[in-house]
Amino acid sequence: MSTPRVTLYSKPGCHLCDDARAVIEQVCAELGESYDEVDITAGPDASQLTARYGEEIPVTLVDGRQHDFWRVDPARLRAALT
């Protein structure tokens, strides 16, 4: 399986993260893409990720570059992936 093109930086208990995840799941399923989700509050990079993205969560990356934060626009995400 190839590397996911979409990465969602999120944290537990974040309703905007739940909304973003739903959009990402739908768009990725339509386009046959996969995505990865990273909890910024867990793991060895937690303090660095929280410092960088804590105020903008959820943050979406496409092909390793920041695409959106706070909300995910399905049309914009679809365009970035096609």
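The largest nonpolar core has eleven residues: V6, L8, A20, V23, I24, V27, C28, V62, V72, L77 and L81. A nonpolar core is here a set of buried Ala, Val, Leu, Ile, Met, Phe, Trp, Tyr and Cys residues joined through side-chain atoms within 4.5 Å; buried means under 20% relative accessible area, exposed over 50%, and partly exposed in between, with a 1.4 Å probe and protein chains only.

The model is predicted: local features need pLDDT of at least 70, side-chain atom pairs count only at pLDDT 80 or more, and totals for chains, interfaces and linings use all residues. Residues are numbered from 1 along each chain as its sequence is written, and side-chain values use heavy atoms, with hydrogens and water left out.

Helices (H or I, at least four residues) and strands (E, at least two) are DSSP runs, numbered from the N terminus.

| Element | Residues |
|---|---|
| β1 | 6-10 |
| α1 | 15-31 |
| α3 | 74-81 |

The largest share of this core, five residues, comes from α1. Apart from this core lies another, of ten residues, including Y9, C17, L49 and Y53.

One disulfide is counted, a disulfide being a pair of cysteine sulfur atoms within 2.5 Å. C14 and C17 form this disulfide, with their sulfur atoms 2.4 Å apart, and both residues are buried. The torsion about their S-S bond is about 80°, so the disulfide is right-handed. The sulfur of C28 lies 16 Å from the closest cysteine sulfur, in C17, which is too far for a bond. C28 counts as buried because its relative accessibility is 2%.
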